[in-house]
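Have a look at the two chains, then read on.

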Amino acid sequence: MKKLIQKIKGLKKTTKVDFATYLGVILAFVIVNLLRTGGLLNRSLTGMLVPICAYIVMAVSLNLTVGILGELSLGHAGFMSVGAFSGVIAAQGLQASIPSAPARLVIAILVGAVFAAAAGFIVGVPVLRLRGDYLAIVTLAFGEIIKDLINCLLVGYDSRGLHMAFNISGSLTINDLGLEPGGMAIIKGAQGATGTTAISTFTAGFVLIMITLVVVLNLVRSRAGRAIMALRDNRIAAESVGVNVTKYKLMAFVTSASLAGAAGALYGLNYSNLAASKFSFDTSILVLVYVVLGGLGNMWGSIIAAAVLYILPEALREFADYRMLVYAVVLILVMLATNNDQLKALAGRILPKRKGAADNG
Amino acid sequence: MEFLSYLISGISLGSVYAIIALGYTMVYGIAKMLNFAHGDVIMVGGYVSFCAVSYLGLPGWLSVVLAMAVCTALGVVIEGLAYKPLRQATSLAVLITAIGVSYFLQNAAQLIWGASPKGYTPLIPTTNAQGEPNTLRLFGGQLSISYISLFTMGACIVIMVLLTLFTNRTKLGKAMRACSEDKGAAQLMGINVNATISLTFAIGSALAAVAGGLLCSFTTSLMPTTGSMPGIKAFTAAVFGGIGSIPGAFLGGILLGVIESLAKAYISTQLANAILFAVLIIVLLVKPSGLLGKYVPEKV
């Protein structure tokens, strides 16, 4: 036992933080599960568990782009959308051939991740050439384009396989797909996915969070992660010592997009109806708020911020109409407080100085 | 003829975008921040003008003047309370605060005026007293242009010219240009940087109020979210033309309006926004600083 404590004490600080993050997520999962079996969670809270998991994954993955890579992305919801709809198509299309729901969920999440990664690659190659606010506006534009394209998508499934149509003229309906009588409509244009069998579970959400953390934390602590952070801190210096800018930027961006896609699939399969308008600019901003309030580059911060801020509007429900107003005020006040020099100086005096505070990227 | 009429409706829509984009670009040029709440100031301007017309019975032009006064005050207050304490903070912190302000304005408007759309009386009525449409007929009636479109285009050009004269010829304009170039040096030369930034917000918000009146004259309805999409599009227009540049914002706004109008008419109504954003992406990839933006080489 003593040896173990010695060993833990000897670990690097970042490793300790990482293990604490894993442990915290596992503990939270166990506690929530105990509360749920004990019947201590009300209905609305139970219903929020899967979306919370999806948004935690979204926040952690966006943190990889914004906090670690240092590029502002305003279109993260676009990748979530790609993942959600490709995941829904996969899960619904395989309903007949794979009866087991968990297996279908896993496949759907994988499909969502792959499609979102492909989208991330297509978007990333041109976009990552731009810098700063220009990159932000282009990611915003891509998010909107993805939303509009999915709004035009018609997908159905029958015994002959998948049928797809692209409703450019705005006059096509799901009937134009020519489905057989027993066929089912999966995505109905602007209405989005309808009649989806909801198969997402809290356990799946927990596993996805853990996988996301393993992927992101290992990437950040690796050689590649250090290269990515070097690009964030000083692109020109990093380039001059031989860091391949495009390769590492794309690596971070595509990883982030694919994790967002996985989160999207989890989210999409939690509801029987889902419209593309759900994944608008507002959703991207919402996730960005989680990331910034949780702390840039700080993964456990993102997790806590996502969970708390997702529940907060619900908890403020007694204020009914005023809750979003209160949310906005809280948001502004937190930003003002965390950037206030006097408060920072005060915190610096009260809190003990952290050792190696400079290297917790 | 059909093409010409789509082109003109595109230009008049683009004029509204251009007026909004001018506000965006000025604020960005000087404060180096994306003011996401700008679109919501437009919405507030629209509501103030709506209230002045329907509750106070004021004429349309006076209601817009009132809206300009209210929005100017609002812009200065927002800047003072939310953005000024963050001068030294990271741009992301300012961005999130701007988003917070945007949420605040939208939800406050929803509490005050309700979520359901309000009917807005256009600044120039669509029909005159005899019930005939208020339009200018050209080519023997083949091409008709509504007076409100003409008015919008005229207003946009006048605003553009005035702003250019203001920034190039006046002392305050010179101070603004100095601040946008180098705040520290400007301060050393005796320019009150904070007051100059507040002035920029005041001008931008007054322009937003004008844009609010004009925009609502086209859509004839008003909701708490009315400003967000035009706000985003105007922001794209500003980037399109080269953010920080006044002629760039004008050009970007007009082009964006024309592209949107033509895409709606000839390609697809549903994909109009997607086409618009795709054009933006292509332009930025070819010319990363926008159409009229200055290329600033990086110093090492």
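This is a predicted model: local features need pLDDT of at least 70, side-chain atom pairs count only at pLDDT 80 or more; totals for chains, interfaces and linings use all residues.

## Polar links between the chains

A polar contact is a pair of N or O atoms within 3.5 Å; within protein, one must be able to donate a hydrogen and the other to accept it, and residues adjacent in sequence count only if both atoms are side-chain atoms. Between chain B and chain A there is one residue pair of that kind, both at pLDDT 80 or more.

Residues are numbered from 1 along each chain as its sequence is written, chains are lettered from A in the order written, and side-chain values use heavy atoms, leaving out hydrogens and water.

## How much gets covered

Chain B brings 44 residues to the contact and chain A brings 46, with contact meaning heavy atoms within 4.5 Å. About 3800 Å² is buried between them, and carbon and sulfur atoms give 79% of that. Buried area here is the accessible area (1.4 Å probe) that two parts lose on being put together, summed over both. In chain B, the residues losing the most area to chain A are B:I96, B:Y103 and B:Q270, together 16% of what that side buries.

## A spot inside chain B

B:N35 sits in the loop between α1 (2–31) and α2 (38–54) of chain B; helices are DSSP runs (H or I, at least four residues), numbered from the N terminus. Leaving aside residues up to four places away in sequence, B:N35 touches B:Y24, B:V27, B:Y83, B:A98 and B:F201.

Terms used: Helices (H or I, at least four residues) and strands (E, at least two) are DSSP runs, numbered from the N terminus.
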